[in-house]
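Dear colleague,

Please find below the structure that I am handing over to you. My notes on it follow directly after.

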Amino acid sequence: MVKSLCLEYHAPTITYNRTMTHQSGITALGTTDHVYLELDLIEGKDPKEAIGSLAAAINLPTTVGANAVVGVRPELWAKVSDAQYVPNDVHGFNEPLKGTDGYEMPATQHDAWVWVASFSRSQAFEVSSYILKQLKGYFKLADETVGWAYEVSRDLTGFEDGTENPGALEAPGLIGVPAGQPGAGSSVLLFQKWSHRIREWSNLSVDRQQDVNGRTKQDSVELPDDVKPDSSHVSRTVVEKDGEEQDVFRRNTSYGELEHHGTTFVGFSFEQWRLEEMLRQMAGADGGPRDALTYFTDAETGSWYVCPSVAGLLAIAEPFMEDDDG
């Protein structure tokens, strides 16, 4: 059982190596079943105690068969953590992002986020249930989303997702704040749910779908610049600085049922502005065209989180890890 396993690892005699590295679950590829929990603090509870209990709850044993990643609302993390663990210039999704012609992406910011990923639905369920039980009295569940890998790496539009992701050796340097900077090892997360307009999309021809996306559907080859529309999803999600593309790391999954489904956007970077500029371009807030894919998908949620470094989580979790041991 998950609970018995989790109670064994808390030992106050352990000396922890507080490495300034990212949470390993962010780059742990190969999982197929996912649970995303968004949480709000219960009124009157001590924020530092609540985040400490959250950090301790996701410190799962390596034998459990699941990864857990935690994120905290940027303003809340800055309030409860030591300054050395807080990255600069990160803010919550505190108001809607407004684009062209009245278009908006909603702000649905919560206090904390938990992502459980596993090789099986039952294990993802079991571990998520365990974590929630440990947080009883500190947090209330605001939103729960079950995600899964569709056709290995495609979303439910039929196109490959995450084609431009960096390689496994490059990803850690892209998601973790560099050493020597405030918040070293932490990551910035953008979490959104995008529902698909199923009938409108399925009524498009494959050629038209490819124009909207900017890639071929079968083999995910980017369309030539002289063919690819400026409003294509590929064109509007590429962020450049001084002529150089600014990559992000995507761990998107599919969610929902037959009549209502979509894509969870789970994007990480060591710099919030990259992801934020991507959203602005998609909305047409930069003066360019609105992303054509937004006419066939709807942003239902929008939240920013700091995913603290291992060192930051250990620092706030240790009192609760020792308490659990009795």
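The notes below cover the overall fold, the charges and the nonpolar cores.

This is a predicted model, in which local features need pLDDT of at least 70 and side-chain atom pairs count only at pLDDT 80 or more, while totals for chains, interfaces and linings use all residues. Residues are numbered from 1 along each chain as its sequence is written, and side-chain values use heavy atoms, without hydrogens and water.

The protein chain has 10 helices and 14 strands (DSSP runs of H or I, at least four residues, and of E, at least two, numbered from the N terminus). Its radius of gyration is 20 Å, close to the 20 Å that the globule rule gives for 326 residues, so the chain is as compact as a globular protein of that length (C-alpha atoms; the rule is 2.2 Å times the number of residues to the power 0.38). Buried residues, those under 20% relative accessible area with a 1.4 Å probe, protein chains only, make up 51% of the 326 residues.

The protein chain carries 26 positive and 50 negative side chains (Lys and Arg against Asp and Glu; His and the chain ends are not counted).

The largest nonpolar core has 58 residues, of which Ile131 and Phe139 touch the most other members. A core here is a set of buried Ala, Val, Leu, Ile, Met, Phe, Trp, Tyr and Cys residues joined through side-chain atoms within 4.5 Å. Helix 10 (residues 310-324) supplies the largest share of this core, 7 residues. Apart from it lies another core, of 16 residues, including Ile26 and Phe268.

With kind regards

How values were computed:
Buried means under 20% relative accessible area, exposed over 50%, partly exposed in between (1.4 Å probe, protein chains only). The place of a charge is taken as NZ of Lys, CZ of Arg, CG of Asp or CD of Glu.
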